[in-house]
Amino acid sequence: MKKSMKKPFFYTRYLILGICLIFNLSIDAVAQAYPNKSITIIVPFPPGGTTDILAREISLRLQARLGVSVIVQNKDGASGTIGSAQVARSVGDGYFLLLTATHHVINPALRDQMPYDTQRDFTPLAMIASAPNVLIVNNNFQGKSVADLIRMAKEKPGSIDFASSGTGGANHLSGELFKLKTGIELVHVPYRGASLALNDLIAGVVPVMFDGLAAVAPHLKTGKIRALAVTSRQRAIIAPDIPTLSELGVKDFDVASWFGLYAPSKLPADVLARLSLELRLILQSTELKQRFEKLGVMPGNMSQQEFSTYVDDEIRQWSYVVTQAKIPKQK
């Protein structure tokens, strides 16, 4: 009789131990759920620029939604590759992210050696913002339209200069893409910065330039320069009266300055899903849209997969432009 009483007790004891073990494992799983520590966003440019400002706007909102600290660190140098390399080498667990600009997809075509593979070593998360560029001319330029500019360039090849902030920058490559799509010859005049190029455009030293719409908007209002077209696929919200190049016959011209958030490669699926969801909700908020409008940019509206495809397309496009324009590789 005593033996039969011990047997149920024996099994009950192990049943209780098993339940406790399962309960403890469940607690551990919850404790390890993403995120459970601070997140760092690397900005590969100096503080104060648009990329840095956008990173801080996003970090505040991610911090509120995820319940952990989100810290922004600036690691500038070498056209953004130093900070980007730091993220590429980090563990793909969602705690180390990169917020960078269009340079990220242009650098593979321009630089002779890269410390990472742009497509293999990163997981694109979201386009954070985009800003349309605009084709502008000096107010005294004879051409009044894109059609005039193309006609004048074809009548006298190589007679019209276009300024840029430097060789290989987004506004330089916009000009090279414009040349390729229209079959015209313009002469590139690189400056050491967009403000220097814009000053000479206003003064009439150079007649044509591609630049960010937000940066030149004050000069458009004063009439010192004229806008012929925006370079984005759709008209800009901040300047709806300016037509797109595609509308004016330069088909499939779609160039914008844009800013993206990335993680290292091999990001776990659940972490990718969580970050994608939170970023999507942040970017769709009315409050953020109003804040970004004041900064002269528009929030991204792509899904994570759409953004990933867009990044690959951009890498291919700029590689083609650099090759066709015979732009020498940078060391």
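Buried means under 20% relative accessible area, exposed over 50% and partly exposed in between (1.4 Å probe, protein chains only). The model is predicted: local features need pLDDT of at least 70 and side-chain atom pairs count only at pLDDT 80 or more, while totals for chains, interfaces and linings use all residues. Residues are numbered from 1 along each chain as its sequence is written, and side-chain values use heavy atoms, with hydrogens and water left out.

Q: Is Ser 59 buried or exposed, and what is its relative accessible area?
A: Ser 59 is found in helix H2, residues 50–66 (helices are DSSP runs of H or I, at least four residues, and strands runs of E, at least two, numbered from the N terminus). Beyond four places in sequence, Ser 59 is in contact (heavy atoms within 4.5 Å) with Ile 41, Val 70 and Val 72. Ser 59 counts as buried because its relative accessible area is 6%.

Q: How far apart in space are Ser 59 and Val 72, C-alpha to C-alpha?
A: Val 72 is one of the contacts of Ser 59. The two residues are 13 apart in sequence, and their C-alpha separation is 7.2 Å.

Q: Which elements are included in what covers the buried residues of H3?
A: Helix H3 spans residues 81–89, and its buried residues are Thr 81, Gly 83, Ser 84, Ala 85, Val 87 and Ala 88. Their cover includes helix H4 (103–110) and strands S1 (39–43), S3 (96–100), S4 (122–138) and S9 (256–264).

Q: What is the radius of gyration of the chain?
A: The C-alpha trace spans about 110 × 40 × 35 Å along its principal axes. The radius is taken over C-alpha atoms, and the globule rule is 2.2 Å times the number of residues to the power 0.38. A compact globule of 331 residues would have a value near 20 Å, but the chain has 26 Å.
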